[in-house]
Amino acid sequence: MAEKKQEKTQLVPNNVVSLTDNRCKAEGCKSKSKKAEFCEEHFNWFKAGLITKEGKYVIDFEKKYQHYLASKKVA
Ligand SMILES: [Zn+2]
């Protein structure tokens, strides 16, 4: 177990900020992840069903996004 931990540490040099670990998973997003590996905004997208938990846009994203925006305005 300890060996595995060490391995991971060695893969990340000290001068490189660990970007992959702490990034929002949504496609094209460069924000830091805050909740469930998404940034605040994309976590809401995920909850609204706009993106999958892998950060991929759903097929009917456009339609859902409009709906999402509309519901946001009301609230
Ligand atoms: Zn994001």
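Is Lys64 buried, exposed or partly exposed, and why? Lys64 counts as partly exposed because it has 17 C-beta neighbours inside 10 Å. The cut-offs are these: a residue is buried if 20 or more other C-beta atoms lie within 10 Å of its own, exposed if 12 or fewer, and partly exposed in between, with C-beta atoms placed from the backbone.

## The model

This is a predicted model: local features need pLDDT of at least 70, side-chain atom pairs count only at pLDDT 80 or more, and totals for chains, interfaces and linings use all residues. Residues are numbered from 1 along each chain as its sequence is written.

## Overall layout

The protein has three helices and zero strands. Along the sequence, the pattern reads α-α-α. Helices (H or I, at least four residues) and strands (E, at least two) are DSSP runs, numbered from the N terminus.

Of the 75 residues in the protein, 12% are buried. Two residues are in contact if their C-beta atoms, placed from the backbone, lie within 7 Å. Take the contacts between residues at least 6 apart in sequence: 14% of them join residues at least 24 apart.

## The nonpolar core

A nonpolar core is a set of buried Ala, Val, Leu, Ile, Met, Phe, Trp, Tyr and Cys residues joined through C-beta atoms within 7 Å. The largest one here has seven residues: Cys24, Ala26, Phe38, Trp45, Phe46, Leu50 and Ile51.

Look at Ile51. Leaving out residues up to four places away in sequence, Ile51 touches Ala26, His42, Trp45, Phe46, Lys56, Tyr57 and Val58.

## Helix α2 and what follows

Helix α2 spans residues 40–48. His42, Trp45 and Phe46 are buried in this helix. Seen down the axis of α2, these buried residues fall within an arc of 100°, so they line one face of the helix. The arc is that of the directions from the helix axis to the C-beta atoms. An α-helix has 3.6 residues a turn, so residues three or four places apart point the same way.

Lys53 counts as exposed because it has 10 C-beta neighbours inside 10 Å. The C-alpha atoms of Lys53 and Ala26 are 8.5 Å apart, and the two residues are 27 apart along the chain.

## Back to Lys64

Lys64 belongs to helix α3, residues 61–74. Setting aside neighbours within four places in sequence, Lys64 contacts Ala48, Gly49, Leu50 and Val58. Lys64 and Leu50 are 14 residues apart along the chain, and their C-alpha atoms are separated by 6.2 Å.
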